[in-house]
Amino acid sequence: MAPIISEGYPFIGGCFLLTLLMAWSIHPAVAVIPFVLMLYFCYFFRNPKRHIVLDDTAILSPADGTVTDIVPLESDEFVQEPCNKVIIFMSVFNVHVNRSPIAGEIKLQKYFCGRFRPAYKDTVGFENEHHLLGIENDRVRISVKQIAGILARRIVSYVTLDDKLQQGELYGMIKFGSCLEVVMPRNVAVTVEKGQKVTGGKTIIGRIKD
């Protein structure tokens, strides 16, 4: 996998051309602005290589970011039993590629074209543009929802219904600030706390109880 995700190429290339154009037609000092933007886009669309430790009892974080809330639910559209929802906020400085928390098959996929409210608002999971995946294996079923924020204007998905995912496999990204919601049944013990920093494909956010 490339160190920079392909969705970043138009932004990086556009800023590079603008840097050359402004340096040639105006002044090199003015070209600093698009040059700095080019460096930022290289940083934002980075895709660091990560060694995924496979564990069929673990639910891995799908993203880098901060746990902003852990909410008990009576049911969920896909999980359909008492469960817990872990909300992870990604700032514009976090890695924005998303990874599958478990190995399994995509049994549900839904896209909702909604609003673009700030990603930390309580109701964004219902009102904002979002992409929902229901993933199932022989041990557990979970749902993962990518939610666009006030700056995010496109949710990218590399997968579709009935695709099989490996644990930690890339399945999409959200451009420019957003959050994810992971819903796990109650037989999965939540292993993170509100305010904790998590790393996609590395941090265990839940552990299946025996």
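Strand 3 (83–90) and strand 11 (178–185) run antiparallel and are joined by eight bridges. Strands here are DSSP runs of E with at least two residues, helices are runs of H or I with at least four, and both are numbered from the N terminus. Two strands count as paired if DSSP finds at least two bridges between them. You can pick out one spot in this pairing: Ile87 stands opposite Glu181 in strand 11.

Before going on, keep in mind that this is a predicted model, where local features need a pLDDT of at least 70, side-chain atom pairs count only at pLDDT 80 or more, and totals for chains, interfaces and linings use all residues. Residues are numbered from 1 along each chain as its sequence is written, and side-chain values use heavy atoms, with hydrogens and water left out.

Now look at the other neighbour of this pairing. Strand 7 (141–148) pairs with strand 11 in the antiparallel sense over six bridges, and Val144 has Val182 as its bridge partner there. Zoom out, and eight strands form an open sheet in the order 9-5-6-7-11-3-2-13, with antiparallel pairing. At the edges sit strand 9 (164–165) and strand 13 (197–198), each pairing on one side only. Further along, strand 5 (residues 104–112) is joined to strand 6 by seven bridges, with Tyr111 facing His131 as its bridge partner in strand 6.

How many residues of strand 11 are buried? Eight of the eight are, so the strand is largely enclosed by the rest of the structure. Buried means under 20% relative accessible area, exposed means over 50%, and partly exposed is in between (1.4 Å probe, protein chains only). In a regular strand, side chains alternate between the two faces of the sheet. In strand 11, Ser178, Leu180, Val182 and Met184 are buried on one side, and Cys179, Glu181, Val183 and Pro185 are buried on the other.

Met184 also takes us to the largest nonpolar core, which has 27 residues; Ile59, Ile142 and Met184 have the most contacts inside it. Such a core is a set of buried Ala, Val, Leu, Ile, Met, Phe, Trp, Tyr and Cys residues joined through side-chain atoms within 4.5 Å. In soluble globular proteins, nonpolar side chains tend to be buried together. Contact means heavy atoms within 4.5 Å, and leaving aside neighbours within four places in sequence, Met184 is in contact with residues including Ile59, Val86, Ile142 and Ile205. Another core, of 13 residues, lies apart from the largest one, with Ile5 and Phe41 among its members.

Two loop residues are worth a visit. Val79, in the loop between strand 2 and strand 3, is buried, with a relative accessible area of 2%. Among its contacts beyond four places in sequence are Ile142 and Val183. Asp64, in the loop between strand 1 (58–60) and strand 2 (65–73), is buried too, at 9%. Its side chain makes a polar contact with the side chain of Arg50 (2.7 Å). A polar contact is a pair of N or O atoms within 3.5 Å; within protein, one must be able to donate a hydrogen and the other to accept it, and residues adjacent in sequence count only if both atoms are side-chain atoms. The backbone nitrogen of Gly200 lies 2.6 Å from a polar atom of the Asp64 side chain.

Finally, a word on confidence. The average pLDDT (the predictor's confidence in each residue, from 0 to 100) is 88 for the protein.
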